[in-house]
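Subject: Structure for your review

Dear colleague,

Please find below the structure that I am handing over to you. My findings follow it.

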Amino acid sequence: MAWRAAAVAALLWSIFANSNAEARGPYGSISVGNWKGGAYTNDQTGSFSHCAAGAQYASGVYFVVMIDGNGGWSLGFMHEQWRLRTGEAFPLTLTFDGQQPFNVHGVPIADKLVRVPMPNNSALISQFRRAKAMTAFTQGRLFQFNLDQTGQLLPVLANCVAKIRQSGLASAGDFSVLPAAKPVAAAAAPDSGPAKPDRLFDQTGTGFLVSTNGHLVTNAHVVHGCVGDILGNLSGEAPAKLRLVSSDETNDLALLQVTGSFKDVAKIGDKAIQSGDSVVAIGYPFHGLLTSDFTVTTGIVSSLSGILNDTRFLQISAAVQPGNSGGPLLAASGDVVGVVAAKLNAIKFARATGNIPENINFAIKTGALRDFLDNSVVPYQVSDAKAELKTAEIARNARAFTFLISCRARAKEKETAKN
């Protein structure tokens with residue numbers, strides 16, 4: 001325990017040092033839940049260096065969040081089993097709330113200590129600010145972090161820096177007490193020009209009918225950021241206006257409705273899907289660049305869980321592309337066994353592993369879909385059909401219930417769009 005205490009002190013003191021000089025502190029205090037820390041100074045010059053707070057996790061990792069005097073953010077990780085060399089790259093894959101992972105390179109500053117810079121305008125810190133959970137994969141191990149309290153911690157760290165810069169170390173106290181917020185001006189300054197309108201782009205996806213009353217299921221991200229009307233149409237028919245009924249961003253599902261009465265709807269399979277079962281994905285990938293009709297791809301269920309063993313998803317080998325999102329994943333019986341959701345980012349995966357992945361795609365399981373429809377009080381049909389159909393028959397039947405979905409979306413939303 002004495003070694004751990006010394007190592008933790010070294011992490012908090014020296015992680016911002018650009019030389020072999022240590023630091024002294026903490027001056028004042030930071031206490032937010034399990035996060036403890038304060039302000040630190042350079043031991044050689046006596047000048048303010050940074051504010052930091054850390055917390056111990058059950059995995060054995062001591063996790064630190066830091067901000068220097070210039071407002072630069074960093075993360076720090078320490079583990080007593082690590083044997084690192086200073087100056088060498090330390091690759092980590094950080095994932096926030098199950099979103100697209102960040103492949104970063106930490107900088108070992110001691111044999112057990114790693115620093116990860118987070119530029120203030122980067123997507124990394126933007127995700128970190130609002131995340132509730134984070135995973136870090138490195139050296140063959142996955143570490144999990146609950147970030148429920150970081151929303152309160154980050155303003156406290158910024159407050160620590162602001163107070164020290166304003167009044168020096170003499171102002172060091174309880175930095176956890178934030179100053180009262182200043183009232184926001186009711187109107188913009190007279191000389192400020194009109195805000196520039198957001199650039200819009202065409203956003204498309206796929207959906208499928210689940211009720212004779214015109215209810216359609218798609219992914220939440222397919223309609224996220226839409227401006228104006230959301231349109232939908234069966235292949236070869238004119239677009240009609242869709243109404244957004246409800247959405248579930250956690251499970252990436254959305255419910256829409258089109259006016260009219262429909263005879264043919266998708267049936268949700270009641271038989272449990274198994275690894276190795278054949279599946280068919282129907283959708284409208286790259287609409288306007290490729291065919292205007294839907295496409296049909298086949299494959300198998302590769303795994304009964306998604307990224308990081310997320311049991312809400314299936315991993316499938318059926319090829320999907322941008323525009324397939326929200327489309328039905330059908331069993332050999334023609335029943336829905338999933339909602340196509342995303343594909344693995346091949347470029348990021350290749351950068352992290354040196355290998356290019358092939359046919360690694362994901363679909364939301366029908367358990368989450370049925371819960372969503374039940375909560376939305378939407379009637380749907382269930383089937384336990386055992387007869388296998390030919391792929392051409394499955395596609396022909398799907399033509400009657402598979403919709404192209406389109407809208408105009410803000411350009412700033414495009415950065416977070418999925419598949």
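A salt bridge, as the term is used here, is a side-chain nitrogen of Lys or Arg within 4 Å of a carboxyl oxygen of Asp or Glu. Please note that the model is a predicted one. A search of the whole structure finds 5 salt bridges, and three of these are described below.

One of them joins the side chains of arginine 399 and aspartate 293, with an N to O distance of 3.2 Å. Arginine 399 is in the loop between helix H7 (391-398) and strand E24 (402-410), while aspartate 293 is in the loop between E17 and strand E18 (295-303), so this pair ties together parts that are 106 residues apart in sequence. Arginine 399 is partly exposed at 36% relative accessibility, and aspartate 293 is partly exposed at 24%.

Arginine 370 and aspartate 270 also form a salt bridge through their side chains (3.0 Å, N to O). Here helix H6 (residues 366-375) holds arginine 370, and the loop between strand E16 (267-269) and strand E17 (278-283) holds aspartate 270, so parts 100 residues apart in sequence are tied together. Relative accessibility is 24% for arginine 370, which is partly exposed; aspartate 270 is partly exposed at 45%.

Aspartate 310 and arginine 312 meet in a further salt bridge, at 2.7 Å from N to O.

Finally, threonine 135 is located in strand E9 (residues 133-138). Threonine 135 has a relative accessible area of 12% and is therefore buried, since buried means under 20%. Beyond its neighbours within four places in sequence, threonine 135 has contacts that include Thr93, Leu142 and Leu308.

Yours sincerely

Methods:
Residues are numbered from 1 along each chain as its sequence is written. This is a predicted model: local features need pLDDT of at least 70, side-chain atom pairs count only at pLDDT 80 or more; totals for chains, interfaces and linings use all residues. Side-chain values use heavy atoms; hydrogens and water are left out. Helices (H or I, at least four residues) and strands (E, at least two) are DSSP runs, numbered from the N terminus. Buried means under 20% relative accessible area, exposed over 50%, partly exposed in between (1.4 Å probe, protein chains only). Contact means heavy atoms within 4.5 Å.
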